[in-house]
Amino acid sequence: MRNVTVVWIDTLCNYPIYGELAGTRLYNSSHDVSLPLAAVYLRAFLSAHRPDVRFIYHPRRLYEAEQYAYALSDLVRDGDIVLTSCSTSDSADAREILQAAKEAGRATVIGGVYPRFSHKEVQTWGTADYICTGEGEQAFLEIINQITGTHPSGPIPGVATRDNPRPRSAPLADLATLPDPDYSAFPVDRFARYMQSAYILATRGCPAPCHFCTSARLYGYSYRMRPVDSVVRELSSLYNHGFRRITLADDTILVDHQWATELFSVISRVNPGYRLKVRARADELSAEMLSRMIDAGVEVVQFGVESIQLSTREYMHKRLEQQSIEKSFELILSTGELLANPLYMLAYPGETWDDLETNSNFIKSAGSDSRVITYISFTTPYPDTGFERSIRKSGGVVLTKNLKFYTNKFPVFIPASLLTMPLENALDRLVSEYNNISDHVNTSFPTQQRIPEEFFHEIELTDPRLTE
């Protein structure tokens, strides 16, 4: 078999981060309906190297938002090879996709953050023929070549299989050699009804050692930049497809200041009218760089604070000085043109109730400004990561192993440092603190949603201190 059809099938999520929130300056997607960059970039790479391969894309979140119902058993029949990608919270749905594909006799491939760290668990499903544990472009091309018989069978770097359960790492892609993304095969106009922002990646990776982060580990702490001209062409393409807001979804855009200076300088000269959101470390920001960003059309700058308490940030291995946090707010808000989008994390190991109260007071104070978009997350021990393994040794309590709650918006974990009272009381206090912060910041810029009652019905409030 040489000519094959690949069908990419999106996963569904139980709890969208922003739900139905719309009509604000927030760069979000209603019901988490967004065009997956992995599918767009993978298709462009595949088209450049195997133009004989047909690529079909099924956007199930879009289908669901549009109230169309399609059975998986029907969707999987569209391809010889069924492909999907997932994070932790939607991994159960990914398993159902693969199960339907195997029942239909299709070859199956899965990638994404969850398979990267939990490929041993994915292998136990018995439905994944190929599990991509790194970047997908070259790995998937080699999978296609093996399936079509153009390359001999054998181990593929970065791909776990039944015969090769512990693959060696795949080499990182040279971003300068990748083709420009091609959106022509995707229903961009339909996505635009739900996406208040399109997304692109101008870089890959992050060199920071933050202990809780999976992204830096996914890319081996590397940091690579695309050619500036390629980024600008993608921005223009999305604008031509109707998007007026675009998010540079990079972990951080300012690691290489020379490259970033060139990027924003070129954008400022050619920008036809799109507005941008970017993410950067607080200690990478400067008045000069922010001025360049404004000229380029940037209106939202996201940066991680996590905790205002230095001791908590030290537990996180987050190398960020207090003055950098304060300066980042000052620099961004003094422009009069930018919105600040700080990220915070509650209930980290080592955080005490006094620490949490201090952090809460800072979040409410900073979030009282209508120019501040507050994002609050909970510490989440994603399965099979180094952080999750350290959590198991810390004495903290994981409240549920139901991965649908692992979106970082649920308190699935209570650290030992907060267990100065019975577990149920500690959870009640943590949730009360979160709701108090949320209600406060939502009055100036609504972003936070209360935790659904279903969560409290499904968790296990078993305190290990009472069963020893």
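Reply: A charge sits over a ring if NZ of Lys or CZ of Arg is within 6 Å of the ring centre and within 35 degrees of the ring normal. The model is predicted: local features need pLDDT of at least 70, side-chain atom pairs count only at pLDDT 80 or more, and totals for chains, interfaces and linings use all residues. Residues are numbered from 1 along each chain as its sequence is written, and side-chain values use heavy atoms, with hydrogens and water left out.

Me: Over the face of which ring does Lys409 lie?

Reply: The distance from Lys409 to the ring centre is 4.3 Å.

Me: Why is the pair of Tyr57 and Phe191 stacked?

Reply: The ring centres of Tyr57 and Phe191 lie 6.4 Å apart. The pair is stacked because the planes meet at 25 degrees.

Me: How far apart in sequence are the parts that Tyr57 and Phe191 tie together?

Reply: Helices (H or I, at least four residues) and strands (E, at least two) are DSSP runs, numbered from the N terminus. Tyr57 lies in strand 2 (residues 54-58) and Phe191 in helix 8 (residues 188-191), so the parts tied together are apart by 134 residues.

Me: Is Phe191 buried or exposed?

Reply: Buried means under 20% relative accessible area, exposed over 50%, and partly exposed in between (1.4 Å probe, protein chains only). With a relative accessible area of 1%, Phe191 is buried.

Terms used:
Rings of Phe, Tyr and Trp (its six-membered ring) pair if their centres lie within 6.5 Å; planes under 30 degrees apart count as stacked, over 60 as edge-to-face and the rest as tilted.
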